[in-house]
Amino acid sequence: MTNYYKDADSSETQEWLQAFESVIKHADKDRAQFLLKALYNMGVQEGLPFNRLDTAYINTIAVEDEPMYPGDLAIERKIRALIRYNALAMVMRANKNDDDLGGHLASFASSATLYETGFNHFFRAASDHFGGDMIYYQGHSAPGMYARSYLEGRLTEDQLDNFRREVGGKGLSSYPHPYLMPDYWQFPTVSMGLGPIMSIYHAHVHRYMENRKLLEKEDRKIWAFLGDGETDEPESLGAISLAGREKLDNLIWVVNCNLQRLDGPVRGNGKIIQELESVFRGAGWRVIKVVWGGNWDSLLANDHTGVLKHRMEEAVDGEYQLYEARDAKFTREHFFNKYPELKEMADALTDDDISRLNRGGHDPMKVYAAFSEAMKTKGQPTVVLVKTVKGYGLSTTQAVNKSHQVKKLDQDALVYFRDRFDLPFTDEQLETLPFYRPAEDSAEMKYLKGRREALGGHLPNRRSGHIPLNIPELSIFDRVLKGSNGKEQSTTMVFVRLLAAMLKNKDIQDRVVPIVPDEARTFGLEGMFRQLGIYSAVGQKYTPEDSEALMGYKEAIDGHMLEEGINEAGAMSAWIALATSYSVNALPMIPMYIYYSMFGFQRVGDLAWAAGDCQAQGFLLGATAGRTTLNGEGLQHQDGHSQILFNVVPNCVSYDPCFGYELAVIMHDGLRRMYAEGERIYYYLTLMNENYDQPEMPEGVEEGIKRGMYLLEDNGSTQVQLLGSGVILREVQKAARILKDEFNITSNVWSVTSFNELTRDGMACDDYNRLHPMDEERVPWVTELLAPHEGVVVAATDYMRNYSEQIRAWLPDSRPYTTLGTDGYGRSDTRENLRSFFNVDAAHIVVATLKRLADEGEVEMRLVKDAISSLNIDIDHPPAWQQQPYYDHSPDAPAPGNINPIPVPEFVAEDDDEISSEGRAEDQADANLLNDDDVKES
């Protein structure tokens, strides 16, 4: 029976425990759970404070329940030691000169046993008969993965010597980056919080694909390794309730609780393991704690008074960190000697015995037991909370606050490391930090490779080959290409028609997946509720109130559509899981995520960047786009910059089409490029909610649509070239008519479907021409198109002026160029008023054109003044990006009365010699002293 220290009535406690044990043994666990719930409910009703769901600060799996260890502990320790050493040597060799490339030692040092237990016994690779487990490796532990791959013979010494030297293609990326190592890393994880949320939605989407019978049910697991400090990121824990709600038993998280983040303790004044246990239990996860190593077992078994468990529970993480950083004598004095009963237990231990009291994450038998239980868990996801030591084995840098930044060890520390892990080097050899791989016929190499062969092959590993889909001809979209025949439609509605056409095509209909974040009705997609069904892991247990309606809300376990709720980060993560299915599952999918454009990159930019890194393929559709097009919503909703933001992702192709036929051509070209030809790109397309007549596609415009620009209205002008994109193209067309009718000025009208693509093309031509001076020059598309058409150029869009400003460098003959855009916060009003306010309506385009012509001496400046007057343009209001007049006559609230803040401590500036003189990334030490070989911990 469990004893509790200083229990006021231990006999009564034991009676309660014995009675409950009897229920478990002689009734059943369901009855025991019922009684616990009944007692809990009564306690809540009586006002007892129940604030946490954690359990005792000991291992979840009792010693008597631990399975037999199936491996050779001695030989695995040797292999683990060699991997530890090669990882250390690789990072230190990268920093032996003045290149200051950075790297991390402490994270993998703390987690080596976790990974090696997985590699030797649990992580299953993909094969011809099994899809493979999916593993999100903690980013800062990448050196350990490289070191293992070197032992396996997959990486060479030359590659290890090029760690963090990625230019030229010979090196190893700093962290897991599939874009840089497409045959190796599967998922990008080092941006804190992305690995956790992506792994949850990966498990969610994997179950979705199984339920749709796109994938076989093979009990594949999604493993995610993360740090305890990483759980402070909202993305890390923000979606765990989804995993619990959907009972995603294909998901296993391993949280490396080394108690430290970059600067200091994660929860110095508390216990991160206990906090996380409570959070995960509340979200429906199974929690397995691995707190103490096997050397504590006998002490815990003899804890008859409960004093040891009480002391374990009482000490906070800041104290545990201190015990690891100090010696056994310090631990004896400050941990064991606090209570007489505990001191008596410790009196039987030598200082060496106390030094060997290990944390659970460094005991392979404890880790194996936890992983084995996690693999067997059914009906809920599992999190394994593992207590480790940051910088484990790194001498004086173990468990110190600066350990994350340390990337060098002095000679004494290297000798300590060698001796601690029984490495085969002399002192002289250590000075050169040689990489080491045992002979092929050695016991270590045979064991290492044998274990991976038994588990299907090497990891990390990523499928990078192309699996083509049979993409239909452009004629699949004929209904859109022929125009709307006078019926007004928005490009959002056009997209729905295009989506419907794809869902009817037998070659790709199974692969097309619409994704919405609870906005389907906004985008006109509610008709798909009943026809496709909304995916639900449990089907539909209720009758919806609109069940008799044509567009009733229908959930189904084999539903086709993903409705992810008001959750852009989750929907984006689901999109990424589908967009990388060609690699993860050898099954290309065509995800189409449509959302409020304002809540896209601006909200989930880090995930959009990660999507590019993992070479996602699919379509993102920013609906209700345009600063002046989404009327009535205002500042937080009106998007005038997403096209600029998405252009920062190198392999994202972005367009802002005005007409339905443009959208059709662009989407078909995207299908061809991504799914027929295998380009590792994804598309961002902006859609609008403004209705207007959709014209039939003119002849010969397809190439221009795809390349970013084409001549829409050729009026033979040699005086004015007007450029427009998105719905503002229609204002440009209107301006051309005003210029002709009222000012007798003829202009050509150009549709610019993508200023971003024009810009990339221009930059590529510039680079080529600069580096190939003797070759025939390449001409940018915008230059080629405008060269035969003389005249000033005026561009207007529904986005910030930077969007159209990008192409200025490639206008032929340094053509005079004026840009109009929607810089500034959005605001609620009619489209007409908004476009006038932001100076992008037809009137302002006319005035901008006349002013540019006047500047060039082609018309009188007086004509500009007259146009301003005749077009009723307000010349006195501030620019839209500045604060506008606001008529508020309410008095301000009174300021607070006397306040007496605590005095700020006297701050003494550090000497310049002690501080880095240059800005550095977090993985490079902020102060030079952290990297000096002759600096040791006091």
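Author: Helices are DSSP runs of H or I with at least four residues, numbered from the N terminus. The model is predicted, with local features needing pLDDT of at least 70, side-chain atom pairs pLDDT 80 or more, and totals for linings using all residues. Numbering runs from 1 along each chain as its sequence is written, and side-chain values use heavy atoms, without hydrogens and water.

Reader: Which element gives the most to the lining of the second largest cavity?

Author: A cavity is a set of 1 Å grid points where a 1.4 Å probe fits but cannot get out, and lining residues have an atom within 4 Å of a point. R84, A87, L88, H104 and F108 are among the residues around this one. Both α3 and α4 (106-121) give two or more residues, but the top giver, with 3, is α3.

Reader: How many nonpolar residues are in that cavity's lining?

Author: Nonpolar covers Ala, Val, Leu, Ile, Met, Phe, Trp, Tyr, Cys and Pro. L105, A109, P143, L394 and F417 are also part of this lining. Alongside 1 polar and 1 charged residue, the nonpolar count is 8.

Reader: What about the second largest pocket: what's its volume?

Author: A pocket is an open set with protein on both sides within 12 Å along at least five of seven lines. Of its 37 lining residues, S355, R356, N358, Y392 and R420 are closest to the centre. Filled with probe spheres set on the points, the second largest pocket comes to about 1,000 Å³.

Reader: Which element has the largest share of that pocket's lining?

Author: Elements giving two or more residues include α13 (317-325), α17 (364-376) and α18 (411-420). The largest share is 5 residues, and it comes from α3.
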